Structures are given as structure tokens and as C-alpha cells.
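Reader: I am new to this structure and would like to learn how to read it. Could you walk me through it, one feature at a time?

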Amino acid sequence: MTTDTLRSIAQLRNAGLVPAAQTAALEQVAARYAVAITPTVAELIDRDDPNDPIARQFIPDPAELASQPQERPDPIGDDAFSPVEGIVHRYPDRVLLKLVHTCPVYCRFCFRREMVGPGGRRGLTADKRDAAYRYIRQHPEIWEVILTGGDPLVLPVPRLRAAVHTLAAIDHVKIIRVHTRMPAVAPERITAELVSALRAPGKTTYVALHANHPRELSPAARAACARIVDAGIPMLSQTVLLRGVNDDVETLSALMRAFVECRIKPYYLHHADLAPGTGHLRVSIETGQQLMRQMRGRVSGLCQPAYVLDIPGGAGKVPIGPNYISAAAGGAEQGYEVRAINGGLHAYPPRT
Ligand code: SF4
């Protein structure tokens, strides 16, 4: 097992993860978008499977060099809603706080791929961090702060603890949510010290784990999640729907069940954003809706995430799951037609 994170095409080639014939094209990809594969992820990749779903998420692909006209550098419009550097204030009661723009791995479909990585934006300096905290203090409507980035768990533990404590000391901030891939891609980083840094005195911390394939919930990842949940920190999941990774009902169901087994409540299934050079990884919205319909019929309600789309440009997140009810032919005064899981149509009476 490699002991260092792989960060170049040469290192990937030496590790047997990319063919020599692709080197030139992949060097071009790596010059444009960051590359990082942790030892845990390298170990999860099946080198004998040319379509390995873990490799597909992290190994650069020449297809990334082809951008489509509808793709954009800031697909969900973070910058349009950033009043001070590091803050995105899109919805009244919550903000994103981006302290860092680095990650333990770089996902080939990343919606912030133009911002993250060693060639991307810099982490916040102390001055800018203070300005971000000041903004949160000055806006009493902010009930929740979402630490994202980048991956906030790359921060050294003392800095993470300081961030959590600073936010916890703001009276109106009640919830601190941490978005991370770390428990799955570098579970050894989830130490007792790190977990204790996540706990906010008198406030509630949630950790949202981003994982896209059930194999990412390895025994070590499950143990890392258990350390978080055992400390009284509830966990949620985030998954991106990706072609060739999880766009079949068996894989998606196994992933959602794995989350629930780890005491992680499935939260969001994201329709992949229009990030540059990611068209080969997106599926259609109809495919996503069909998968949600199939999952509704076969796995527990506990395992159902909300299928959501971030409207390009920054208008926010909306649920785009399948619809099961419509007004009757004569209008809602006449009642409704409800489609059952097995496809059957049933009448539901109007309000009387
Ligand atoms: S961990 Fe998140 S921010 Fe980092 S590369 Fe992956 S999707 Fe992007």
C-alpha cells in the first residue's frame, strides 16, 4: 500500500493506476485540474476493472479536456452570493464558510474545480477570516454555518477547534455543519482529538459525509464514522449522481443502506453540476428521477435522500425527485390521481 497521497500523473503511472499511453493527455488534464488520491482511495481501486467506479471518481480522464457550452466555472453561483471573501450567503438563515480550498482528494466532477486545489484559491488569511466571522456576527438571521471549501477537515486540529469555538460563541449561530469526504478517503485522520474539536459548547454540530459508492464505506471508513457518531455528532450524507459510478438502482440502494448502517441519514442526492469538463460523468434528470422511483419501491424510507438540483447561476437548490400526484382531469376540485410505487393510478378525493 502506498503511504503518500498521489498527486501527479507520474505517481499515478508508477502506482499502476494509469496506462503509459495516456500520459500526455492526462498531463494536460492535471495541468488544468488538481489531482490527489489518498492511500486509502488508491487501495480501494480495482486495477483489473477498466470501469472501476472508484477510479472513475478520482483518476483524471482525457474527457475532462472537452468542455460543453453550457458548463461554467462557477456552476452554482457561489461568487454572486459572496458578500465577503469566504462567505456565501444565498439563503437567509445559513451561510457557507470556506476557510480552505484544498481537499484530501480531488474529485473529477467537482463543482468547485476551478477554485480548489494547489492552483486554486488561497485559504483565508487571518484578516479575511476575521472579516468573515464579523459578517456572521453582524447578521442575526444566520442560524447555521456550513463549513465547506475545500474540505474543512484538512485544517490542523487546533485551527479547526478555533473555528468551531469562534462560531459557537456567536449567540445566534445554533448549528455548525461540516461538509467532508475525510472519513471515507482518509479515515485515519478522524482521531479522537479531531472529533473533540468538532464539538461546539452549547451548540449542535452535524457532519455531512460525501460518498458516492458503497465501497467507499470500507471497514475503516465505518469505524471513522462511528467515532464521530459515538461522540454525539449526528451525520448526514451527500452523494453526487454520476454516470458509471452509481447510476443504477442496485449501487445506489447499497450506498444508501451503507449510510444508514453507519448511522448516517441519507440527505442529498445531487444532480451533477455543470462544471467544466464533466459531461461524461453526468446522467439525465429523467434517469435520476427513475432511480429515485425505483429506490422508493425497494428500500426503506430511512434510505431515501432528496434528489436535488442546484439551479445554475446561484438561484439555489430545489428538489427534482419524481412526482406521484397530480390534479384529476377535471381539476383539483374533482380530486387527485396518485401513482403508486408499482405504477398503478389511484384516485384521492378533494378536500370536503
Ligand atoms: S471533496 Fe468536494 S470540494 Fe473537494 S474536490 Fe471533491 S467535490 Fe470538490
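Predicted model: local features only at pLDDT ≥ 70, side-chain atom pairs only at ≥ 80, totals over all residues.

**Salt bridges and pockets**

Reader: Which parts does the pair of Arg298 and Glu250 tie together?

Author: Arg298 belongs to helix 11 (residues 285-298) and Glu250 to helix 10, so the pair ties together parts that are 48 residues apart in sequence. Arg298 is partly exposed, at 43% relative accessible area, and Glu250 also counts as partly exposed, at 47%.

Reader: Is Asp78 buried or exposed? And Arg90, buried or exposed?

Author: For this step you need the cut-off: buried means under 20% relative accessible area. Asp78 has 1%, so it counts as buried. Arg90 has 14%, so it is buried as well.

Reader: How many salt bridges are found in the whole structure?

Author: The search finds 17. Another of them joins Glu261 and Arg222, at 3.0 Å from N to O. Glu261 lies in helix 10 (residues 249-261) and Arg222 in helix 9 (residues 219-230), so parts that are 39 residues apart in sequence are tied together. Glu261 is exposed, with 54% relative accessible area, whereas Arg222 is partly exposed, with 29%.

Reader: Now for the pockets. What is the volume of the largest pocket?

Author: The general idea is that rolling a probe the size of a water molecule over the atoms shows where empty space is left. Here the largest pocket has a volume of about 810 Å³. Of its 37 lining residues, Phe111, Arg112, Thr148, His179 and Gln238 are the closest to its centre.

Reader: Which strand gives the most to the lining of the largest pocket?

Author: Strand 7, with four residues. By class, the lining of this largest pocket has 19 nonpolar, nine polar and nine charged residues.

Reader: And which residues are the closest to the centre of the second largest pocket?

Author: The second largest pocket holds about 420 Å³ of space. Of the 22 residues that line it, Leu17, Pro50, Ala55, Arg56 and Ile59 are the closest to its centre. Its lining has 10 nonpolar, four polar and eight charged residues.

How values were computed
Residues numbered from 1 in each chain as written. Heavy atoms only, no water. 1 Å grid on protein atoms, 1.4 Å probe; cavity = no way out; pocket = protein on both sides within 12 Å on 5 of 7 lines; lining within 4 Å. Points joined across faces, edges and corners; volume = space filled by probe spheres on them. Helix = DSSP H or I, 4+ residues; strand = E, 2+ residues; numbered from the N terminus. Nonpolar A, V, L, I, M, F, W, Y, C, P; charged D, E, K, R; others polar. Salt bridge = Lys/Arg side-chain N within 4 Å of Asp/Glu carboxyl O. Buried < 20%, exposed > 50% of the residue type's maximum accessible area, 1.4 Å probe, protein only.
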